Amino acid sequence: MAEDLHDRHQADRLDAAVRTTGPRTLREAIQALDPITAVWASPDGPAVLAVGQAKTVTASGAARFQEVKRRGDRLLERVETAHLPERARPRLFGGLSFFDQATLEPPWTDFEPAAFVLPAIQVTLGRDQTLVSGFGAGAAPPRLDQIVQQLAHAGEGTQTKTDPRISATATDLRADRPDWIERVRAIQDRIETGPLQKAVLAAALDVALTDPLPLGAVLKTLTDRYPSCYRFSFTPPGTQAGDTPPAQFFGATPEQLVGKRGRTVETEALAGTVERGATEAIDAANVSRLQRDSTLAVEHEFVASRIAEQLRETAATVTVGDREVRSLANVHHLRTPIHATLDTDTHVLDFVATLHPTPAVGGHPPEAALETIHEVESTVRGWYAAPVGWFDANGDGEFAVGIRSALARDSRVTLFAGNGIVAGSDPETEYEELAAKFRPIREVLE
Ligand SMILES: C=C(O[C@@H]1C=C(C(=O)O)C=C[C@H]1O)C(=O)O
């Protein structure tokens, strides 16, 4: 009965309208439109900003992927899109928790196990123009005109102003080394007795801030240093303009979970890490270790083979590319590109549900790895290492793995990082790697 009523309401149409304005940088747009509901910037691609919420879709438990797909599809069908250019089409932006859970524990209590938002205002930045789409109440002409005005004046008066510096009151931004090493050893003890072969151990750093996080400046810094990464920020559903400051899950992740457009699917295995060296010679030696080390190769192979195997279950063809080195400002990774083509249409969320968690953030075999993480790890993962991204009415979309990330709420920021542990891993080396993975976020706080 309640569901029937719900469905009937779902049949109501949602207005959509679009305006165009001049090009803006991500930082200018964030500063002009703050508070922002979500930010999504693909590697070297256009950024999209969500302002306000026309509608939200939330779900929990193991069925959250399918529930979001079903309710999200129904919602997107209600939007009048015939007159919209493709780039201005409505998308749902959001993410899901790492584990199948009914609710999330602190510090994640503001977030849902799955939450996606249809923005009231969706701003798509481009090199030549900015598209401002409005949905539901956001499609009202005065609202759209106001956003266009705000964007037109973006950057004025702030060009020469420096952003407030964020000063972390915690002086030692490093994870507890003995604690970390003990947990790595606990995983290796389990590997010795089987069936576990790899588990990803994560750690969290909790930092107090003296000023609220300036999102525009933070994402600009992450964009300058990590342009080839997905830069993102999400606020929990129900966040109202004026709530100060809204909680934010943000980061710059190098790892694509899956991208789907029409019948083409792109994904990758990204696992196996060495730090950047302080000098060119050390850096080259590190890369050479990454390419030759058999422990790192084993750790990587669990990921590549499982992703390819899972895709073969639905895709007509799966092509596994050559393994390569992916270099970032803080680390080098082993990467294997994986490409698939479909002969039937499949929703991007079906791939998200199948692939998450890959052995890059879970382990191998999956059940033993997840059980180990539950028992050995002290980190509350929430949305960390879980899918974040968007999907549209065609079931196309793009999802990344929410690593190199942090959760900001009130005047605290919790940073997350993790490493794959296998039989041959050296706990001390893994600790240094962990520190390198905290760097992208740590550096914007220092
Ligand atoms: C889990 C993280 O990174 C993952 C683990 C990696 C590894 O163990 O080498 C590499 C890339 C990511 O898939 C993280 O950065 O928090």
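Two conventions come before the details. Residue numbers start from 1 along each chain as its sequence is written. Because the model is predicted, local features need pLDDT of at least 70 and side-chain atom pairs count only at pLDDT 80 or more, whereas totals for chains, interfaces and linings use all residues. Helices (H or I, at least four residues) and strands (E, at least two) are DSSP runs, numbered from the N terminus.

Two strands count as paired if DSSP finds at least two bridges between them.

Let us now turn to strand 11. Which of its residues are buried? A residue is called buried if 20 or more other C-beta atoms lie within 10 Å of its own, exposed if 12 or fewer, and partly exposed in between, with C-beta atoms placed from the backbone. By that criterion, six of the six residues of strand 11 are buried. Gln-248, Phe-250 and Ala-252 point one way, Phe-249, Gly-251 and Thr-253 point the other way, and all are buried.

Strand 11 pairs with strand 10 in the antiparallel sense over five bridges, and Tyr-230 has Thr-253 of strand 11 as its bridge partner. Strand 11 is also joined to strand 20 by four bridges, again antiparallel; here Phe-249 is partnered by Leu-407 of strand 20. Strand 20 (residues 405-409) in turn runs antiparallel to strand 21 (residues 412-422), with five bridges between them. Ala-406 stands opposite Leu-415 of strand 21.

Axes are lines fitted to C-alpha atoms, for helices over the stretch in contact, and angles run from 0 to 180 degrees between N-to-C directions. Contact between two residues requires that their C-beta atoms, placed from the backbone, lie within 7 Å.

Helix 2 (residues 26-33) and helix 4 (residues 141-152) meet at an angle of about 125°, with their axes 9 Å apart. That angle makes helix 2 oblique to helix 4, since angles under 35 degrees count as roughly parallel, over 145 as roughly antiparallel, 65 to 115 as roughly perpendicular and the rest as oblique. The contact involves Ala-29, Ala-32 and Leu-33 of helix 2 and Ile-147, Gln-150 and Leu-151 of helix 4. By class, this contact has five nonpolar, one polar and no charged residues. In this classification, Ala, Val, Leu, Ile, Met, Phe, Trp, Tyr, Cys and Pro are nonpolar, Asp, Glu, Lys and Arg are charged, and the others, Gly among them, are polar.

I close with the loops. Most residues other than glycine have a negative phi, and most peptide bonds are trans. Where does the model hold a residue other than glycine with positive phi? Ala-385 has phi near 65° and sits in the loop between helix 10 and strand 18 (387-392). Ala-385 counts as buried because it has 27 C-beta neighbours inside 10 Å. Arg-404 has phi near 50° and is found in the loop between strand 19 (397-401) and strand 20. Arg-404 also counts as buried, with 29 C-beta neighbours inside 10 Å.

As to cis peptide bonds, one runs from Pro-106 to Pro-107, with omega near 5°; Pro-107 is in the loop between strand 5 (91-96) and strand 6 (114-118). Another joins His-364 and Pro-365, with omega about -15°, and Pro-365 is in the loop between strand 17 and helix 10.

Finally, Thr-210 is located in the loop between strand 9 (198-208) and helix 6 (215-225). Thr-210 counts as exposed because it has 11 C-beta neighbours inside 10 Å.
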